Amino acid sequence: MTDGLLLVHAFPMDASMWEEQVRAIADRVPCVAVDLPGFGGSDPAGEVMTMAVAAERCTDELDRAGMNRAVVCGLSMGGYVTLELWRRHRDRILGLVLANTRAEPDAEEGRKRRREVADLVLAEGPAAILDSMRALVSLDAATETWERVADIVMRQPAEAVAAASRGMAERPDSRPDLPGIDVPTLVITSSGDRLIAQDTSAPMAEAIPEAELAVIEGAGHLSNMEQPEEFTRLLEIHLERCGLLPAVG
Ligand code: MLT
């Protein structure tokens with residue numbers, strides 16, 4: 001068994017959103033980019049993909065890769081799953097990266113909207129929500145970045161998108177867990193995030209003892225795709241902090 005890096009994708013994306021990070025890191029650190037249930041052609045979870053079901057898929061993938069412990073990097077929905085993984089399997093976690101995500105649950109209005117999104121996608125397919133998904137990137141994002149994001153969104157089965165939307169609606173409040181996180185943690189946010197604003201993510205770094213905060217200037221919600229080099233640089237520094245990469249200098 002080895003230690004490595006686990007990358008957990010956003011909604012409604014799949015593991016391919018981590019292409020640049022995997023390419024940059026996988027030759028030095030064992031790397032698993034998980035497809036959450038139903039995404040990227042993986043086995044679905046049924047009508048509701050709870051964060052618990054998604055977290056168990058992550059440990060299945062760690063087992064399959066022969067990885068005992070991992071630095072877990074989750075972006076947005078991936079962050080919700082990462083916090084669930086912390087609650088369930090903290091013995092397998094060497095460090096955390098919580099990127100463009102938040103600890104609080106949805107308010108009732110948000111839950112209702114997620115169920116409406118699920119119904120809409122089941123009725124009309126992912127194309128029905130594609131316009132609203134433009135907020136996944138910043139207003140200044142390159143056209144090619146948006147096209148790549150749109151291509152990934154359109155590849156996902158309606159059932160998976162609907163199940164994840166319903167599952168996120170049910171996610172618990174992770175704020176009580178933050179003070180107990182005792183592994184090296186990096187919180188990443190970006191100034192152009194139109195879905196989870198900097199002001200929402202940043203307080204996690206204050207609530208987690210010894211967490212560090214990094215702000216990627218100009219990037220949008222999918223900061224790892226919009227500014228892959230900067231995201232990877234931050235990730236590499238954190239992997240050094242967690243002992244998975246040798247310290248430079
Ligand atoms: C995501 O990118 O995973 C979503 O924006 C998360 C959410 O809808 O809360």
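**Buried residues, spaces and the ligand**

Author: Ser-165 counts as buried because its relative accessibility is 2%, where buried means under 20% relative accessible area, exposed over 50% and partly exposed in between, with a 1.4 Å probe and protein chains only. The model is a predicted one, in which local features need pLDDT of at least 70 and side-chain atom pairs count only at pLDDT 80 or more, while totals for chains, interfaces and linings use all residues. Residues are numbered from 1 along each chain as its sequence is written, and side-chain values use heavy atoms, with hydrogens and water left out.

Reader: Which helix is the place of Ser-165, and what does Ser-165 touch?

Author: Ser-165 sits in helix α6; helices are DSSP runs of H or I with at least four residues, strands are E runs of at least two, and both are numbered from the N terminus. Not counting residues up to four places away in sequence, Ser-165 touches Phe-11, Arg-114, Val-117 and Ala-118, a contact being heavy atoms within 4.5 Å.

Reader: Now the pockets. How much space lies in the largest pocket?

Author: About 550 Å³. The search uses a 1 Å grid over the protein atoms alone: a pocket is an open set of points with protein on both sides within 12 Å along at least five of seven lines, a cavity is a set where a 1.4 Å probe fits but cannot get out, and lining residues have an atom within 4 Å of a point. Grid points are joined across faces, edges and corners, and a volume is the space filled by probe spheres set on the points.

Reader: How many residues line the largest pocket, and which lie nearest its centre?

Author: The lining has 23 residues, and Phe-11, Arg-102, Arg-113, Arg-114 and Leu-195 lie nearest the centre. Two or more lining residues come from each of α3 (77–89), α4 (108–124) and α6 (158–169). The largest share, four residues, is from α4.

Reader: How does that lining divide into nonpolar, polar and charged?

Author: Twelve are nonpolar, five polar and six charged. Here Ala, Val, Leu, Ile, Met, Phe, Trp, Tyr, Cys and Pro count as nonpolar, Asp, Glu, Lys and Arg as charged, and the others, Gly among them, as polar.

Reader: And cavities: how many of 30 Å³ or more?

Author: One cavity reaches 30 Å³ or more. The largest cavity holds about 40 Å³ of space, and α3 gives the most to its lining, with three residues. That lining divides into five nonpolar, one polar and four charged residues.

Reader: Changing topic, which residues surround the ligand?

Author: Ala-10, Phe-11, Ser-76, Met-77, Tyr-80, Arg-102, Arg-114, Leu-136, Met-168, Leu-195 and His-221 surround the ligand, each with a heavy atom within 4 Å of it.

Reader: One last residue. Is His-238 buried or exposed?

Author: His-238 counts as buried, because its relative accessibility is 3%. His-238 belongs to helix α9 (residues 228–241). Its side chain reaches the backbone oxygen of Pro-184 at 3.1 Å.

Definitions and conventions
Polar contact = N/O pair within 3.5 Å; in protein donor to acceptor, adjacent residues only side chain to side chain.
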